[in-house]
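Let's take a walk through this protein together. Have a look at the fold, and then we'll go from the overall picture to a few particular spots.

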Amino acid sequence: MSALLLVVPLAPLAATLVILFLGGKATRLAGWINVGGVAISLLALIGFGGSHPRVETVWMQSGGITFTAGIALDTLSRTMAIVVAVVALIVNWYSVGHMAKATSRFFAAMSFFVAAMLTLVLANSTVLLFAAWEAVGLASFLLIGFHYREDAARQAARKAFLLTRLGDVGLLLGWLLALRVTGSTDIEQFLGVVGAGKIAGATLTLLALLFFAGAVGKSAQLPLTAWLPDAMAGPAPVSALIHSATMVAAGVYLVLRFFPLFVAAPGALTVVLWTGAATALFAALVATTERDLKRVLAWSTASQLGEMMFALGLAGPLAAAFHLATHATFKSTLFLAAGAVDHATGTRRLDQLGGLARRLPITACVFTAAALALAGVWPLSGFWSEDKILASAAARGPMFALYFVGLIFLAGVYVSRAATAVFAKWPRSKEPDAHEPGTSVKGAMIALAVLAIGSGFALSFFLESAFPFPHGPELSWIWKIGSVLAALAGLAFGGWRVRAVGPVPAFGLNFSHLATPLDTVTLAPATLAMFVARALDSIEQTLDRFARTLAQGTLSLSRAGDRFESGLDQLARATADSTMSAARGVGSAESHGFSDLLDAFARLFGQAGGRVRGWETGKLYLYTFGLFIWTLLAALAGFFYWR
């Protein structure tokens, strides 16, 4: 039974492989293959009911360190996986109509993303979680840059990939440090060690901050926020799925998954609190000034994710998890409606739109329902989850509660400003010609709008079974009424402002200028990293050329030495041959010349000796006479010589 859990991530992965295998032959069929893969995953998740299956194996052991790989279905991962699968299923259904002219490459990348995201959610080991984390980033890069012939899409894809990688370095160092501390990649084992108090406080804080760095990158928190609005260069389904409901939510999910670590490191939890608070306010202010519909929603996403981090910093994991689920429904609905508007009119510029409620009534109703849910209007989904965040803020102190009420007001302003600029009439509104999208697009938008309306109320009855966190504090009726009034005031102000003067900055101040220094600050480390990388590449190329030259010189010397050695060898061989020839000649001369000469001399002396021996008479006077003759001859010779 547990092995069936593998079907959840493998079904969309198999769909990816099938689409790639069929290639251009399955352009029309690819979208439905994509939908089928996600549907199988969702059915498998539902089929497990309340059980907690687990599939795990030991990947590698070395030096007392164990690398495990596996997936598990617990309370948190089940809820998050179902949210991912449901939103992905509806968005992919929408894509069948909206991206009908797209190549199969788009649908293959979408299926791959869903497989990676489900693996990330279900992973029960840090090494598998990190692998899925990187796969999600790769899929996002491919999908943001789907229209790669457009410069904006290429730039946005590179920017998103680079900035999220900066945060990923923190996550990489974090899980490696956790591995060093515990000797295992098992997440439950790590959290057990943390809960037992076996890790020093400074190490706990460092671990929490490293994990949070990864969350900052994926969830577009300050200072790594700037990539998310630019990512709107991707198709509308990409924005709806990846950049509102799943990938950007991965950072919040990571903190939820390792929340016991953050509880044990209160200093890190304080960093989470103020990072989320700053991001929520900053992004909300910028959203009140944007003139591009999808960029308004993108800055809204960053702000809403900041609210979730704010709730986590207030030690309200249930509130953050609840808002994570509801936000996925209403924000993906808004993006789908924005895609329908763009497809119908050819523009997303607020100052080029207006009066579309009559021409796009279904799209207008869907967008309005999701906008009210985002603003926190009772009884729509956003009200119930924001109510939990406000309760956590009020428990911390009235200043925190007032701050969050201010965020609710700003959310009402920017979403009402966008809705009014697109669907209502205002001074000099363009009212372009448009028509409703196809059946699959409308059906998907309506399905998500229903979830945006009712998911908060439905989940409020099952919070304890849906999320493994304490229920949290209750909120007084005064704060409840105050939050609803703030939402209505924001909606009224944003709508009135557009009806009066058009889609200008809501407060008259162009807070969008805040994004320029943010880009500079955010991209500074990336620019520095690119400069260092290019410098290192130049140094590496120089060293490579030097090494190549040195190697070639050494090779030339080696070849010259080899030739010299060959010459010496030939000379030695010639000398040896000459010596051998001389030796043979000497031997021949010795045997044939000297021997014969000596034999001749021997014979001559033998003959002379024989004659001399004949002279030996034994008479003394003869010897004396001979000596006299010899002396006389010598004297005559000397006389004639000296004469």
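Here is a short tour, from the whole chain down to single residues. This is a predicted model, in which local features need pLDDT of at least 70 and side-chain atom pairs count only at pLDDT 80 or more, while totals for chains, interfaces and linings use all residues. Residues are numbered from 1 along each chain as its sequence is written, and side-chain values use heavy atoms, with hydrogens and water left out.

Start with the big picture: the protein has 23 helices and two strands (DSSP runs numbered from the N terminus, with helices being H or I of at least four residues and strands E of at least two). Of its 643 residues, 51% are buried; buried means under 20% relative accessible area, exposed over 50%, and partly exposed in between, with a 1.4 Å probe and protein chains only.

Now for a pair of helices. Helix α3 (residues 75–98) packs against helix α4 (residues 104–122) at about 170°, with the axes 9 Å apart. Axes here are lines fitted to C-alpha atoms, for helices over the stretch in contact, and angles run from 0 to 180 degrees between N-to-C directions. That makes α3 roughly antiparallel to α4, since angles over 145 degrees count as roughly antiparallel, under 35 as roughly parallel, 65 to 115 as roughly perpendicular and the rest as oblique.

What about charges? Side chains of opposite charge can pair when their charged atoms come close. The whole structure holds 16 salt bridges, each a side-chain nitrogen of Lys or Arg within 4 Å of a carboxyl oxygen of Asp or Glu. In one of them, K159 pairs with D230, with the closest N and O atoms 2.6 Å apart. K159 lies in helix α6 (residues 151–182) and D230 in helix α9 (residues 227–230), so the pair ties together parts 71 residues apart in sequence. K159 counts as buried at 12% relative accessibility, whereas D230 is partly exposed at 24%.

Helix α6 also holds R165 and D168, three residues apart, about one turn of the helix. Their side chains form a salt bridge (2.5 Å, N to O), and both residues are buried. D168 forms a salt bridge with K218 too, the closest N and O atoms being 3.6 Å apart. That pair links helix α8 with helix α6 across 50 residues.

Finally, look at S140 in helix α5 (residues 126–144). S140 is buried, at 2% relative accessible area.
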